[in-house]
Structures are given as structure tokens and as C-alpha cells.
Amino acid sequence: MLICNFAIHLRTMATDNWYNAWFGTTYYDKLYAHRDYAEAEFFINNIIEKLPTGASALDLGCGKGRHAVYLNSKGYTVTGIDLSEKNIEHCMQFANANLDFKVHDMRRFYCINTFDVVLNLFTSFGYFEKLHHNELALQAAYAALKQGGVMVLDYFNSTFVENLIPDVKVVIHDNIKFEIRKKIEDRFVIKEIVVSDDGREHTFFERVELITLKEFENLFAKAGFLIQQIYGNYKLEPFDINNSPRCIFIAQK
């Protein structure tokens, strides 16, 4: 039986979260322009060999839909959800009978026992105000999967990132200057992004939890998942805790 938008009890979530101010802006798109469709297609082409064929998939934190759109082109029925109304509005131009997008919070149950695959890619996790919200997100992902379904979660490798911080760099895109400063504070990677555009400055932040491999293993186990494999990059090379930039989990319900 399909049960969508199943209500669970959550404390009131603030509306002034950093991701509401940052995700979906043109500046976010410009800064991460290198995270393009070619990168998404490369990763999907590799990871698809680990997934059920012709399956249904839920893309949590789908952003502008680059992974969802390509996975749909490979024969999957895909639903993408994202907090950003602007992102979903952009995605709707790609919608079809087997590709849909919804504004939805991944911490809330969406559907029960419905999908063969759940995706959470490009560090679309760990940015919540309350640490237990990570548990809520994985519980909702677990509930959305059919028995035997798999979740793919792509996050940065905390050990690798720690070795690169503190870090300061300047990026120029279309005559717009991005000055980016990273630090670690209270178990979070804080990225301050100062945008200089046409004589004006705008400041944005990213705040993402520094989740260790052991902590991820505990989070998956607590939600009921069994981790099948961990990869270290989008080529799906073996995970090396000191040298792998990514921490890509494949976990089964």
C-alpha cells in the first residue's frame, strides 16, 4: 500500500537556515558550475552497475536535477525532492511521465515501501541544525525503500577534508569574485563565501557536519541499513580513509 507524505513529529524547523538563503541562488549555480551534467553522467554511468535495472528511484536533495534527469534517461522512473522551491521550479522543465519533482524535506517521510533505489548525492546531507535530524533523514530514506532496495549516499571524506583545512581560495566566474574561507568549528565544516559582484558584496555560508566513517556506520545501522560497499571517488575506486576525497556508501534495506 502506497502511503505518501506520511506525517512524523518534528520540532519546528527554523526558516532562516543557511541553505534556504544559499541553495537555488544564481551565485550558488556559478560557484558550482564545474559540478555539471558531464560529472553527473560519469558518476551515474558507474554507479548504475550497482543498482537494480529499470527500477524506481527517489533522489533526496536533487538540486537542479542533473542526476535525476540522467538516471531517468537510462530507463529509471525517478522522483526528485528538494527543499528549494527555485530548484524544483527549474527541474519541472524536465518532468515527464516517469520523472517528477516535489518540494519536500528529506527529514519527513515521503512514501513507504515504494522505491527500489534512494539517492543522496553531492553532500546533500549533514547540514541540519540538530544532529539527530541525520537520523530522521536516514529513517525516512529507509522507509521509502522496498525490502531489499538500496541507498546510495555520497558525502565528503571527513579525514581527507580535515587535512585541507584551514583553506582560503578565490574563484572568478563571469567577472564575479568568490572568496571562500573554510574552517572547522563545533564538528562542522564552515564555509564562508563572500561574493563581489558589480561593486556589491554578498556573504553566504555553508555549514556541513564533519561525520566520520564510524559515525556513518552507526547512523546506517540505527536506521536498519546494511552497508554493502564504500567507495572513495566517482570512479568507484576503493575507499582509503586518508586519501579518498569522497565517501560513497551503498547500503541495503
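Let's start with how the chain folds back on itself: among contacts (heavy atoms within 4.5 Å) between residues at least 6 apart in sequence, 63% join residues at least 24 apart. What you are looking at is a predicted model, where local features need pLDDT of at least 70 and side-chain atom pairs count only at pLDDT 80 or more, while totals for chains, interfaces and linings use all residues. Residues are numbered from 1 along each chain as its sequence is written, and side-chain values use heavy atoms, with hydrogens and water left out.

Now for the overall build. The secondary structure comes to eight helices and 11 strands; helices (H or I, at least four residues) and strands (E, at least two) are DSSP runs, numbered from the N terminus. With 253 residues, a compact globule would have a radius of gyration near 18 Å, and the chain agrees, having 18 Å. That radius is taken over C-alpha atoms, and the globule rule is 2.2 Å times the number of residues to the power 0.38. Along the principal axes, the C-alpha atoms fill a box of roughly 55 × 40 × 40 Å.

How much of the chain is buried? Of the 253 residues, 52% count as buried, meaning under 20% relative accessible area, with exposed being over 50% and partly exposed in between (1.4 Å probe, protein chains only). The chain exposes about 12,400 Å², and carbon and sulfur atoms supply 50% of that.

Just after α4, you can find G75 with a positive phi of about 105°.

Next, turn to the aromatic rings. A pair of aromatic rings is described by the distance of the centres and the angle of the planes. Rings of Phe, Tyr and Trp (its six-membered ring) pair if their centres lie within 6.5 Å; planes under 30 degrees apart count as stacked, over 60 as edge-to-face and the rest as tilted. The structure holds 14 aromatic pairs. One of them joins F216 and F249, a tilted pair at 5.0 Å centre to centre with 50° between the planes. F216 lies in helix α8 (residues 213-223) and F249 in strand β11 (residues 246-252), so this pair ties together parts that are 33 residues apart in sequence. Both F216 and F249 are buried. They also belong to one aromatic cluster, whose members include F125, Y127, F128, Y142 and Y155.

In the loop between α7 (158-162) and β6 (167-173) sits P166, joined to I165 by a cis peptide bond with omega of about 5°. T123 lies in the loop between β4 and α6 (133-144), and N175 in the loop between β6 and β7 (176-185). Which is buried and which is exposed? T123 is buried, with a relative accessible area of 16%, whereas N175 is exposed, at 74%.

Methods: Areas by Shrake-Rupley, 256 points an atom, 1.4 Å probe, with all protein chains shown as cover.
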